[in-house]
Amino acid sequence: RQYSESRYKELVQQIKNMSKKILYLLLISFIVIQFFQINKTPSNALSGDIKTKYSVSESLDKTLKVACNDCHSNETKYPWYASIQPIGWWLQAHMNEGKKHLNFSNFTERRIAYQNHKFEEIIEMVEKKEMPIPSYTWLGLHPEAKLTDPQRQEIIDWAKSNMSLLSSTYPPDSLVLKRN
């Protein structure tokens, strides 16, 4: 069915008005969610830090700080955009997930089998270039976290060395992570 020109103009105006209302609602929602910030208070719990038991060279320590610690330690350095919601919520969830899988700050408080298994996972993830995850360096963010091949090799060698240390120190059955 054909619309008259006046009916067509009326529909266009209604769409414009509705679009404005939706944009205002989105803007107000964006402003309101800024009041719900993430908790950036560091835990400072470092008593089980990996460096208390395992040797970490100065160069490796620097690499871990810029490429790993934000998501895998209690020493997170939040970027400026973590204060913008919902980006901050996404980052916090991502960091919590990373710490759940591997936290260098409580590493030595875990069972020896866990530690051995995590060294094995570090080797695998770094060799496959799955860590640091690509989203960490998207759009030029955290360019210092892009690992070079020598940095990757240093991490791999370090993890393998620590696995060798564990295997020469503990009985083989104590190094196997048993699933319950």
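Ala, Val, Leu, Ile, Met, Phe, Trp, Tyr, Cys and Pro count here as nonpolar, Asp, Glu, Lys and Arg as charged, and the others, Gly among them, as polar. By that scheme, the residues lining the largest pocket of this structure divide into 15 nonpolar, five polar and four charged. The model is predicted, so local features need pLDDT of at least 70 and side-chain atom pairs count only at pLDDT 80 or more, while totals for chains, interfaces and linings use all residues. Residues are numbered from 1 along each chain as its sequence is written, and side-chain values use heavy atoms, with hydrogens and water left out.

**Largest pocket**

- The largest pocket holds about 470 Å³ of space, where a pocket is an open set of points on a 1 Å grid over the protein atoms alone, with protein on both sides within 12 Å along at least five of seven lines, and a volume is the space filled by probe spheres set on the points, which are joined across faces, edges and corners.
- Its lining has 24 residues, and those nearest the centre are His 72, Gly 98, Leu 102, Met 125 and Met 131; a lining residue has an atom within 4 Å of a point.
- Helices H2 (58–67), H3 (69–72), H4 (87–101), H5 (112–127) and H6 (149–169) each supply at least two lining residues, and H5 gives the most, with five; helices are DSSP runs (H or I, at least four residues) numbered from the N terminus.

**Second largest pocket**

- About 220 Å³ of space lies in the second largest pocket, which is lined by 16 residues, with Tyr 81, Trp 90, Leu 91, Ser 135 and Leu 141 nearest its centre.
- The elements giving two or more residues to this lining are H3 and H4, and the largest share, five residues, comes from H4.
- This lining divides into eleven nonpolar, three polar and two charged residues.

**Cavity**

- A search of the whole structure finds one cavity of 30 Å³ or more, a cavity being a set of points where a 1.4 Å probe fits but cannot get out.
- The largest cavity has a volume of about 60 Å³, and the residues that line it include Asp 49, Lys 51, Asp 61 and Glu 75.
- Its lining divides into three nonpolar, three polar and four charged residues.

**Trp 89**

- Trp 89 has its place in helix H4, and it counts as partly exposed because its relative accessibility is 37%, which falls between buried (under 20% relative accessible area) and exposed (over 50%), using a 1.4 Å probe and protein chains only.
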